[in-house]
Amino acid sequence: MNKLLTLIAMGAFATAVKAQAPAIPTAQAFGKVDKADLEMKACDFEKDANAEVLFDKGEVYFDTQYQIIFERHKRIKIFNDNGKDEANIRLTYYSVNHAEFITGLQAETINLENGVATPIKVDKKQIFTQAVDKNRSAIVFSFPNVKPGSIIEFKYRHTIASLVDFPDWYFQGDLPTRYSELNTNIPDILTYKNLVNLHYPLVVDKMSGSNTHTQAMANIPSVKEEPYMDAVTDNSERILFQLLSIRGTFMHSFSDTWTKVGENVVKWEDFGEQLNRKLTGEETIVAKAKTFKTDDEKIAYIFNEVKNTMKWDENYDNTTNDGTVKAWEKKTGNSTEVNLILYHLLQKSGLKVYPMMVSTRKHGRINPAYPNSYQFNSTVAYIPVDSAKYYVLDATSKYNLYNQVPYNFLNSFGFLINKADNVYDMTFLQTTNPVRQVVLINAEIKPDGKMAGSADISSFAYNRINVIRNYKTDGEKKYIENLRDNNNNLKISSLKIQDIDIDTLPVRQNINFDLDLTGSDDNYIYFNSNLFTDLNKNPFLSENRTTDINFGYRDNYAITGIFKLPAGYKVDALPKSVSMATPDNSIVFKRMVAEQDGQIMVRLNIDHKKSIYFKEEYSDFHEFCKKMYEMLNEQIVLKKS
C-alpha cells in the first residue's frame, strides 16, 4: 500500500513539474495568427524593443539534382513607429548564370480590425527585382498598411545551385526573437563542417526521419549595440556550414584549407585574372616611381597617385565589378578595383607587394578556422618590409596613410595571396605602438569666473587621420562647433592647424579660447582641467556587457594644464595626485597635481597597453573606468581670500 501511494505521489509531482515548465514557442502556418499576438503591446523578455521576431523558421534540403533548397518563413510583430522600418525587405542572392534564384514569395500584413485578424497581401506588382551588381540581384518590397500592432510575415524558396553555398543560420539578430528554428536534411554522401557560436541553450536539438536535424532557440534577446563592439554578426548566436567532401566513386574535397581557397581565388576572372592587366598610361607613373631612391618614397608616391586619381564608389566587395582596366578608365571603382590597381602599379614599379583579402569591421572579423572566401568583403595591397614590419594599403579613403594599417581592418586577419610562389597565408593585422594624443593647456583664471587661454593639441597616427577627415569633411565652422562639444560656455576665437599635408608628422591644432566657469559665484570659482579631450563622458556606464571591447589600437593620452590663479583667490580644494591601474595592468592612469607661484599644474596620463578587452574582463574594466572618469571630472575649487 505504501509503495502504491509513493508511486502515485511521484507521478503527481512529475505531472505538476511538467505543467509548470514553460511551453516552447513554435512556428505557425502562413496566415494563421493568434489573436493574443495581435493584441500584444511589448516583447515579454525585452520590453523596450521596437519590434520582435515572433518566429523565424528555415528548412534546408536537397532536390534530385542536388541543388540546395532553402525555405524560410519569418513573422515579425511591430510595436511602435520606430519598428516600422522592419516592413522594408531586401532579399539578396547571386543571380549570375542563374546560380541562385528566389521563388514562391508570399507576404502579408495582418492587423486587428474590430477584433478580427485582417490580412492585406503584398501586391505582386509592388515586388521588384533590382540589380545590385553584375553578380547579385535583390528582391525588394515593402509591407502595406503597417502600424503599431501590425504583424508582418513572409515566406519564400531560395534555390542554390552550388553545394558550397549552404546557407548560414543566425538565431539572433538586432531584434529579440521569440522562436528560431532550423531544420536541415543533408544526404549521407555530403559532409559539412559546422562552425557553431552558441551560448544560449537549444530548446530543441533532435534527429528525426531521414537525416533531419532540428535545432531551435527561444526567447533570444537582440544583440545590443555597445561602445567599441565588433559587428553584430560576430556576436550573434549562429551556425555556419562549410562543405568538406562529397563521397562517391571517389572522394572530392573542397576548400577546407586556406591554400585551396587561395588557389580558387586566383582563378576568378574578377580577381586573379585582373592582377596583371595593363592600365592606360601606367608607364608614366611607373617610370616616375622608379626615380625615387627608397621604397618608402615609391610607395608614398604611387599610393597618393591612386588615392587622388581614383574615386571610390563606396561599395565594398571582394571581387571587381567592371574590372581594373575599365575602373581605371572611368577613374571610379569598388574597393577591390581601386586596390588591385594600386597593387598592379606597385608591382610594376619593382616593389614586393601582394594582394590581400580583408574584412571591414562592420562586415565581421575573420575566423581562421573557417576557410572560405565569402568572409572577406574587400581587398588591400600588402607590402612586407621585414619580419616585424609591414604596410597595408587601402586607397579608397583620401585620409588613409600608406604606413598605417587602416582602422577598418585592425585586430582581424588578412588573407595574403602569393600566386607566384603558391603561398596563401593568414596574417593578423594590428598596430602595437601606442597612438598618442598630446594636449597642452595654458590658461588664466579671471576674478569674474572666466578662463582665457590657449590649447596646443598634437594628434598622431589614427588621431591625426580623424582630425584631418573631420576638418576637411565638416569645414572649419562645423569643426569648431564640434570642438566645443555643445558647451555654450566655451568660445573659440581662433583655430590654426599645422602639418595637415605632411603624412609623417602629427597634426597640430592651436586654439585660443574663452570659457565661462559655471557654478562660480562671488566667493568661489570652480573649474576642471580636462579640456579639449574626448575624455569627459564615460562610454562604459552599463553594469553589464555582452560583447568584447575592441578599441582597434592602443590609446595614449598626455594632458598637461597650467592655470594661473586670479589675484585675491586661494586654492580651497585640489584633486590629489594619484596612480592606479587595472588588475592586469593593461590600463594605467596617472594624475599629478601641484601648486606653485600662483599657478596650478595638472598632468594626466592614460596608457592602454592592449586594444581588446574580453567581455569576461568587463567587471574590472567597468569599475576602473568609473573611478577614472570620476577623477577626470573632479573640480578644482578656488576661494576668495
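Predicted model: local features only at pLDDT ≥ 70, side-chain atom pairs only at ≥ 80, totals over all residues.
Residues are numbered from 1 along each chain as its sequence is written, and side-chain values use heavy atoms, with hydrogens and water left out.

## Overall make-up

The chain has ten helices and 35 strands, where helices (H or I, at least four residues) and strands (E, at least two) are DSSP runs numbered from the N terminus. Its C-alpha trace spans about 90 × 85 × 55 Å along the principal axes. Of the 641 residues in the chain, 48% are buried; buried means under 20% relative accessible area, exposed over 50%, and partly exposed in between, with a 1.4 Å probe and protein chains only. Among contacts between residues at least 6 apart in sequence, 70% join residues at least 24 apart, a contact being heavy atoms within 4.5 Å.

A search of the whole structure finds zero disulfides, a disulfide being a pair of cysteine sulfur atoms within 2.5 Å.

| Residue | Relative accessible area | Class |
|---|---|---|
| Cys43 | 0% | buried |
| Lys124 | 71% | exposed |
| Phe141 | 2% | buried |
| Cys625 | 4% | buried |

An open sheet of three strands has the order E3-E7-E6, with antiparallel pairing; two strands pair if DSSP finds at least two bridges between them. Strand E3 (88–94) and E6 stand at the edges, and because each has a single partner strand, one side of each is left without a neighbour in the sheet. The twist averages 25° from one strand to the next. Seven antiparallel bridges link E3 to strand E7 (residues 136–142), with Ala138 in E7 as the bridge partner of Thr92.

Phe141 lies in strand E7. Not counting residues up to four places away in sequence, Phe141 touches Ala87, Asn88, Ile89, Leu105, Ala107, Val122, Gln126, Ile127 and Phe154. The C-alpha atoms of Phe141 and Val122 are 8.1 Å apart, although the two residues are 19 residues apart in sequence. Lys124, found in the loop between strand E5 (116–121) and strand E6 (128–131), is 17 residues from Phe141 along the chain, and the C-alpha atoms of Lys124 and Phe141 are separated by 9.1 Å.

## Helices H5 and H7

Helix H5 (residues 295–309) and helix H7 (residues 335–348) pack at an angle of about 145°, with their axes 10 Å apart; axes are lines fitted to C-alpha atoms, for helices over the stretch in contact, and angles run from 0 to 180 degrees between N-to-C directions. The contact is made by Ile299, Ile302, Phe303 and Val306 of H5 and by Val338, Leu342, Leu345 and Leu346 of H7.

## Strand E21 and its partners

Six of the seven residues of strand E21 (residues 412–418) are buried, so E21 is largely enclosed by the rest of the structure. Strand E18 (residues 354–358) pairs with E21 in the antiparallel sense over two bridges, and the bridge partner of Met357 is Phe415 in E21. Seven bridges join E21 to strand E22 (residues 423–429), the two running antiparallel, and Ser412 stands opposite Leu429 in E22. E21 and E22 form a hairpin with four residues between them, and Asn422 in the turn has a positive phi of about 55°.

## The eight-stranded sheet

A further open sheet, of eight strands with mixed pairing, has the order E25-E26-E24-E23-E29-E33-E32-E31. Strand E25 (490–498) and strand E31 (578–581) stand at the edges, each with a single partner strand, so one side of each is left without a neighbour in the sheet. The twist averages 10° from one strand to the next. E31 pairs antiparallel with strand E32 (residues 587–596) over four bridges, and Ser579 stands opposite Lys590 in E32.

Helix H8 (residues 461–474) lies across strand E23 (435–445), strand E24 (450–459), E25, strand E26 (507–516) and strand E29 (555–564), running at about 65° to E23. Helix H9 (residues 476–484) packs on the sheet as well, touching E25 and E26, and the direction of H9 makes about 120° with that of E25.
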